[in-house]
Amino acid sequence: MTTGAPPGPFDVLVLGSGVAGLSAAVRLAGPGGPSPSLSLGVLTKGALSQSATRWAQGGVAAVLGADEDSTDLHLADTLAAGAGLCDEEAVRILVDEGPGRVHELIALGVEFDREATGLLALAREGGHSRPRVVHAGGAATGAEVERALVDATYRSASAVLEGWFALDLLVEGGRCTGVVALPPGGGGGGGDGPVRVRADHVVLATGGAGQLFSVTTNPAESTGDGVAMALRAGVPTADVEFVQFHPTALHHPAMPRPLLSEALRGHGALLRDRDGERFVDELAPRDVVSRAMAARMAEQGVDHLWLDATGLERFPARFPTIAASLSSIGLDPQRDWLPIAPAAHHLSGGVVTDLWGATALPGLWAVGEVACTGVHGANRLASNSLLEGMVFGARLAERIPSGARSPEPSGALRAVLGEESIDGIECTEVAQPATSLPPDPDRWPDVDVDVTKLRDTVQRAMTRGAGVVRSAESLAGARAVVEDATAALGGATASVGAGELANLLRLADALLASALARTETRGAHARREYPETDPAWRRRLVHGHVGRDGEDRRG
């Protein structure tokens with residue numbers, strides 16, 4: 001253990017610094033919030049502004065006054081994209097409360113793009129039946145939203161712990177009481193070891209897991225930390241087989257892969273194959289487009305296709321961020337077709353929550369990409385991710401000060417807690433590997449393994465075996481690599497790098513188990529041997545106990 005007093009204890013400890021966690025933090029502790037005297041800590045392994053949110057080029061989808069649009073249409077589009085696995089209660093909350101959250105961001109200082117008339121500029125993206133997506137800077141929405149929330153968090157939080165890496169949850173007496181965390185510079189090299197950071201409520205807002213794959217739009221920090229911690233603690237986690245691959249990532253050595261925003265297709269950009277032919281509806285949901293691209297690339301024996309944006313007027317003015325990125329590598333979207341290929345982008349599942357963000361473990365909450373609210377089902381609708389973080393971050397911030405200590409049987413958590421599902425979606429437990437209790441922070445092992453090389457090996461295996469289209473054979477191949485890597489790491493997490501790899505391996509194991517079990521194609525999960533959607537598989541695959549048992553959930 002490190003010497004000296006650890007930070008805290010806190011009333012609420014938020015892990016992560018994306019839109020979901022900071023939306024909750026600002027509402028909890030900001031002026032005019034429900035508990036301005038509340039002790040709030042924000043713990044993040046990078047800088048506060050360093051999260052996947054700032055990479056988000058898509059916008060925020062919400063019904064903001066267009067006469068031809070409605071929240072019912074937004075609901076219908078979300079349910080259609082989710083391929084039968086959305087929780088309709090959760091989606092209704094998303095679309096009804098979303099417009100208010102957008103206006104709150106505007107009040108915080110977020111500058112969304114506007115028409116010459118002064119009205120918000122609304123774009124249409126894949127899977128949406130109406131233009132309802134607002135952007136900032138054309139394709140810099142995430143960075144603009146993050147800027148406003150970071151500024152507000154610095155003003156309101158009791159403590160901002162930057163450069164701290166959460167290793168595992170503290171679970172005592174059947175509830176979450178904090179985390180074991182590595183302070184800046186700790187681990188390896190003679191630095192301080194981990195410490196216990198205690199809190200009455202812990203909020204997982206650690207984002208997604210694009211780094212499971214060698215080709216991703218996610219930053220290096222997206223290593224599935226929150227989901228892995230929940231899995232090790234036995235907290236129910238679901239829908240992790242549904243990894244969305246964004247169809248229009250730039251085919252380029254840069255990593256994370258530069259994203260060519262969905263908004264380009266919304267404004268008329270076309271997808272073309274090797275021969276210049278169109279082959280899919282550009283505004284279909286992302287899972288449909290990515291599968292069509294994978295099939296065409298396999299058929300033509302190529303590793304990329306093309307996005308033709310030459311017909312878009314005023315490209316540099318409308319999409320300055322993308323234009324600058326393309327110019328830096330010698331591409332002119334007004335003249336050149338742009339090379340593209342699908343890349344891992346978003347984890348639709350995660351730690352299962354009720355409609356307020358509470359997990360099955362009292363004291364533990366989850367919000368944003370780390371959570372499974374049921375909003376996305378088997379495939380996320382474009383530009384619903386920032387919205388989900390804003391809406392459910394705000395709901396969590398209302399719930400915690402109310403004195404709630406345990407989850408309620410609602411939303412995606414209803415069936416997990418053993419209650420009858422309202423929408424007919426049942427839950428099935430997935431067999432778990434042998435897991436250890438959270439590591440004892442007084443025992444700090446060393447790692448004698450090339451973590452970087454091992455991580456690269458795992459990422460390549462996951463891209464080959466668990467990518468856009470999967471099979472029993474390909475999944476088994478990836479699983480063998482994951483098992484070998486897990487054995488090589490040996491459970492040690494003596495550095496941030498080793499801890500991240502341990503998290504990737506734990507989540508990879510869960511993803512592969514679910515993907516092997518789900519013998520159908522649905523949403524973002526496509527099985528080569530089972531190309532059709534099977535009504536019998538309209539169920540969530542859950543890692544962790546299903547039903548109430550009152551036991552200490554430690555894994």
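My notes follow, element by element.

**Ground rules.** This is a predicted model, so I kept local features to pLDDT of at least 70 and side-chain atom pairs to pLDDT 80 or more, while totals for chains, interfaces and linings use all residues. Residues are numbered from 1 along each chain as its sequence is written, and side-chain values use heavy atoms, with hydrogens and water left out.

**Strand β10.** Eight of its eight residues are buried, so β10 is largely enclosed by the rest of the structure. I took buried as under 20% relative accessible area, exposed as over 50% and partly exposed as in between, with a 1.4 Å probe and protein chains only. Its antiparallel partner is β13 (residues 338-347), over six bridges; I call two strands paired if DSSP finds at least two bridges between them. Gln 244 stands opposite His 346 of β13.

**Glu 241.** Next I checked the loop between β9 (237-238) and β10, where Glu 241 lies. Is Glu 241 buried or exposed? Glu 241 has a relative accessible area of 0%, so I logged it as buried. Leaving aside neighbours within four places in sequence, its contacts (heavy atoms within 4.5 Å) include Arg 470, Arg 518 and His 525.

**Helix α9.** In α9 (residues 320-328) I found Ile 322, Ala 323 and Leu 326 buried. They span an arc of only 100 degrees around the axis, which puts them on the same side of α9; the arc is that of the directions from the helix axis to the C-beta atoms. Ser 327 and Ser 328 are exposed on the other side. The cover over the buried residues of α9 includes β10 and β13. After α9 comes Gly 330, with a positive phi near 85 degrees.

**Cores.** I then looked up nonpolar cores, meaning sets of buried Ala, Val, Leu, Ile, Met, Phe, Trp, Tyr and Cys residues joined through side-chain atoms within 4.5 Å. The largest has 59 residues, and Leu 204 is among those with the most contacts inside it. Helix α14 (residues 496-517) gives the most to this core, with 11 residues. Apart from it lies another core of 49 residues, Val 110 and Val 391 among them.

**Gly 173.** Last stop was the loop between β6 (165-172) and β7 (175-182), which holds Gly 173. Gly 173 counts as exposed, at 80% relative accessibility. Its C-alpha is 10.0 Å from that of Pro 362, 189 residues apart along the chain.

How values were computed:
Helices (H or I, at least four residues) and strands (E, at least two) are DSSP runs, numbered from the N terminus.
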